[in-house]
Amino acid sequence: MSDERTESDARIELNRGLAQMLKGGVVMDVTTPEQARIAEAAGACAVMALERVPADIRAAGGVARMSDPKTIRDIQNAVSIPVMAKCRIGHFVEAQILEAIDIDYIDESEVLSPADDVYHVDKRRFRVPFVCGARDLGEALRRINEGASMLRTKGEPGTGDVVQAVRHLRKLNSQIATLASLRNDELFEEAKKLAVPFELARYVHDNRKLPVVNFAAGGVATPADAALMMQLGAEGIFVGSGVFKSGDPAKRANAIVQATTNYYDAKLVAKLSEDLGPAMVGINADEIKLIMEERGL
Amino acid sequence: MTTIRIGILAVQGAFVEHERMLRALGCECVELRKPSDIDRVDGLVLPGGESSVQGMLVRQLGLFEPLRREIVRGTPVLATCAGMILLAEKIRNDPRVYFGTLPIEVDRNAYGRQLASFRKTARFDRLGDFETIFIRAPRVVKKGDDVRTLAVVDDAIVAVAFRNQLAMAFHPELGRDDRIHRRFISLINARRDALNLERQKRDAAENGGGDENNADPRPLS
């Protein structure tokens, strides 16, 4: 029993630790080994192995599921950086499959069609780490309680429109600040309102931050978008469709990587933004019918 | 004694964790992102992260030459995980070489993917038991004769010292035990004393205008 406890404590530390090592970096969506190699050479700190990027999932419609394990394996074999992959919200068998093929991180993602409209995967039962999307502090702490060891904003994937990611990160930040400003005896009521465990609310109150790393995701398409999210307090960036749906993926990918490191250096970000070719065309987040961010609350 | 000023490579990875630990020990920390940040630093930290990303950014941002110069000049360096890879003379499973100032050969991702990451108590040179955290970690597969082994885990060398360089495959910055950071600080203090001594000798030689053997080699403080 005590051994089990130690083992699971160690996994939490190791899995949160890997997210800490990814900080200041850019995780890029890739669909082929070739794209994975381009992303790695351009400075991605990890890749997300997918069958289709979110923009294409949006265009194709229908049910979006976990990728073919063979596609994922080919990508694992192509690069030396960590490889992540997505499972549907609540689809714990897809998660078991991803763990079985030795994935480095599972994204339980609203980009895919949810398999369960009530329950998320019980991520505490897994040894492999999970990252989950969150739009506010309640969602963030519920995902952590379920065992997520990394978070990201949901944003609105596949749009190239950064507005939702900005909204989610600002909301999270302001809720953290509010929670931290409360008296101790007010925490119980606040935890109840947020629908989160008291212990996690108290952690945020005492430390003025989440217990896990939080990246920005959903709509980042330019170096300026990446620097914007970093200045707003993101600890790193996920770029989905933004790289391989653009005119010059390798150049844009590297520019986003450099802007994520030097997010306060406007001169450098200006230079990085030059001659990148066309960005992904994008679609305004308020023009779309399929709202992915509303999946999994 | 003036405050110790430590430059922490901050292009990617877990640099804030080192900063927090060193600040708590009374050091001043400066994040290194561009060449002008490397200004009068007494020590350098190369943190964990992705070595391929850090190595690329260090070159693209013009940090490579000035950092290498500091290391070669003898500025104490604490390198963890990816940092150890950046210092290594050779990487067995990767053709790239970064600073190459530490005569060791390392195996990158030596234990495998994340599911193979582990925590273990190891014996660390002169410190005794130390809780070590290995995350997609490298290990040393070969080392030069004058490289000292500081810790061994499962028959693999995981921490070494060579002149001014202190490198380990695990992450002392993730735990609460700051003894390795304290040792790094004492390395910095020893170097500052040595530099002061040299300066005093030089000054004495200049002022006395004669035989430098007459100068008192001991620092005045």
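**Notebook: rings, a patch and a methionine**

I started with a charge and a ring: the charged end of Arg59(B) sits over the ring of Phe64(B), 3.9 Å from its centre. A reminder to myself before going on: this is a predicted model.

I then looked for a second case of this kind. Arg139(B) lies over the face of Tyr111(B), and here I read 4.8 Å from the ring centre.

**Aromatic pairs**

Next I went back to Phe64(B), which forms a stacked aromatic pair with Phe99(B), at 5.1 Å centre to centre and with 10° between the planes. Which parts of chain B does this pair tie together? Phe64(B) is in helix H3 (residues 64-73), while Phe99(B) is in the loop between strand E5 (88-91) and strand E6 (102-107), so the pair joins parts that are 35 residues apart in sequence. I noted both Phe64(B) and Phe99(B) as buried.

I also returned to Tyr111(B), and found that Tyr111(B) forms one aromatic cluster with Phe118(B), Phe124(B), Phe130(B), Phe134(B) and Phe170(B).

**A patch on chain A**

I located Val93(A) in helix H5 (residues 92-100) of chain A. Why do I call Val93(A) partly exposed? Its relative accessible area is 37%, and partly exposed covers the range between under 20% for buried and over 50% for exposed.

**Met56(B)**

My last stop was Met56(B), in helix H2 (residues 51-60) of chain B. I have Met56(B) down as buried, because its relative accessible area is 16% and buried means under 20%.

What does Met56(B) touch, leaving out residues up to four places away in sequence? I listed Ala41(A), Ala42(A), Gly43(A), Asn254(A) and Val257(A). I also looked up its separation from Val11(B): the two C-alpha atoms are 9.7 Å apart, with the residues 45 apart along the chain.

Definitions and conventions: Residues are numbered from 1 along each chain as its sequence is written. Chains are lettered from A and ligands numbered from 1 in the order in which they are written. This is a predicted model: local features need pLDDT of at least 70, side-chain atom pairs count only at pLDDT 80 or more; totals for chains, interfaces and linings use all residues. Side-chain values use heavy atoms; hydrogens and water are left out. Rings of Phe, Tyr and Trp (its six-membered ring) pair if their centres lie within 6.5 Å; planes under 30 degrees apart count as stacked, over 60 as edge-to-face and the rest as tilted. Helices (H or I, at least four residues) and strands (E, at least two) are DSSP runs, numbered from the N terminus. Buried means under 20% relative accessible area, exposed over 50%, partly exposed in between (1.4 Å probe, protein chains only). A charge sits over a ring if NZ of Lys or CZ of Arg is within 6 Å of the ring centre and within 35 degrees of the ring normal. Contact means heavy atoms within 4.5 Å.
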